[in-house]
Amino acid sequence: MKRILKYAILGLVHKQEMSGYDITSQFKQEIGQFWSAKHSQIYPELKRLTEEELIEYRTSITGAKLEKKLYCITPKGTRELIEWLASPKELPETEKDEFMLMLYFSAAIPKEENKRLFKDQIAKRKGKLEHLYESKKSLQLLDENLQAPGSQQFGHYLVLSRAINREESYIAWLEETLSLFD
């Protein structure tokens with residue numbers, strides 16, 4: 001089984017030196033739009049990557065005694081990351097979507113309850129979409145050449161654009177489907 005988390009971490013520390021906390025935070029922010037990992041997965045993977053000599057760390061002292069490991073990629077890690085980036089990918093397995101699973105069995109509940117579920121989902125998705133729009137605005141302030149393939153933030157722009165497209169499409173489908181209950 002391929003360790004995709006390995007490549008996510010290699011990619012992050014390729015961009016900049018990071019602590020384990022910084023890496024975990026990235027999975028709650030930008031990367032969380034398309035990949036998830038928990039604290040309990042990240043730290044063991046950091047240990048494995050260090051043992052495999054794909055990353056290394058230096059210890060930084062903050063405050064009186066607080067030690068923090070700052071990870072960076074090694075040349076060997078860079079080669080492995082580039083090899084992975086350049087390799088063709090299979091189509092991913094079907095994404096898990098609990099709401100869709102619920103809909104599959106929705107005949108078991110009354111029409112009004114289904115309508116409530118759709119309205120709730122629409123509101124949540126619109127909130128998420130607003131957050132994505134704000135993230136895109138912030139990113140544009142960082143880099144006005146955001147849409148240029150050579151831009152440092154180009155990959156982030158692509159992922160954010162896809163996330164926006166996904167949410168817009170999902171909301172349109174939810175609103176169209178909600179009308180079937182009338």
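Let's start at Q16, which sits in the loop between α1 and β1. The model you're looking at is a predicted one, so keep that in mind as we go.

Step back to the whole chain for a moment. The protein chain has seven helices and three strands, and if you read along the sequence the order is α-β-α-α-β-β-α-α-α-α.

As for overall dimensions, the C-alpha trace spans about 60 × 45 × 40 Å along its principal axes. The radius of gyration of the protein chain is 20 Å, whereas a compact globule of 182 residues would have one near 16 Å. On the burial side, 35% of the 182 residues count as buried. The chain exposes about 12800 Å², and carbon and sulfur atoms supply 55% of that area.

Next, follow the chain on to helix α2, residues 20-28. Which of its residues are buried? They are G20, I23, T24, S25, Q26 and F27. A bit of helix geometry is handy here: an α-helix has 3.6 residues a turn, so residues three or four places apart point the same way.

Last stop: empty space. Rolling a probe the size of a water molecule over the atoms shows where such space is left. The second largest pocket has a volume of about 210 Å³. It is lined by 14 residues, and those closest to its centre are Q29, E30, H131, S135 and H156. Which helix gives the most to this lining? That would be α6, with six residues. Both α6 (111-142) and α7 (154-178) supply at least two lining residues each. Sorted by class, the lining of the second largest pocket holds seven polar, five nonpolar and two charged residues.

Notes
Residues numbered from 1 in each chain as written. Predicted model: local features only at pLDDT ≥ 70, side-chain atom pairs only at ≥ 80, totals over all residues. Heavy atoms only, no water. 1 Å grid on protein atoms, 1.4 Å probe; cavity = no way out; pocket = protein on both sides within 12 Å on 5 of 7 lines; lining within 4 Å. Points joined across faces, edges and corners; volume = space filled by probe spheres on them. Helix = DSSP H or I, 4+ residues; strand = E, 2+ residues; numbered from the N terminus. Nonpolar A, V, L, I, M, F, W, Y, C, P; charged D, E, K, R; others polar. Rg over C-alpha atoms; globule rule 2.2 N^0.38 Å. Buried < 20%, exposed > 50% of the residue type's maximum accessible area, 1.4 Å probe, protein only. Areas by Shrake-Rupley, 256 points an atom, 1.4 Å probe, with all protein chains shown as cover.
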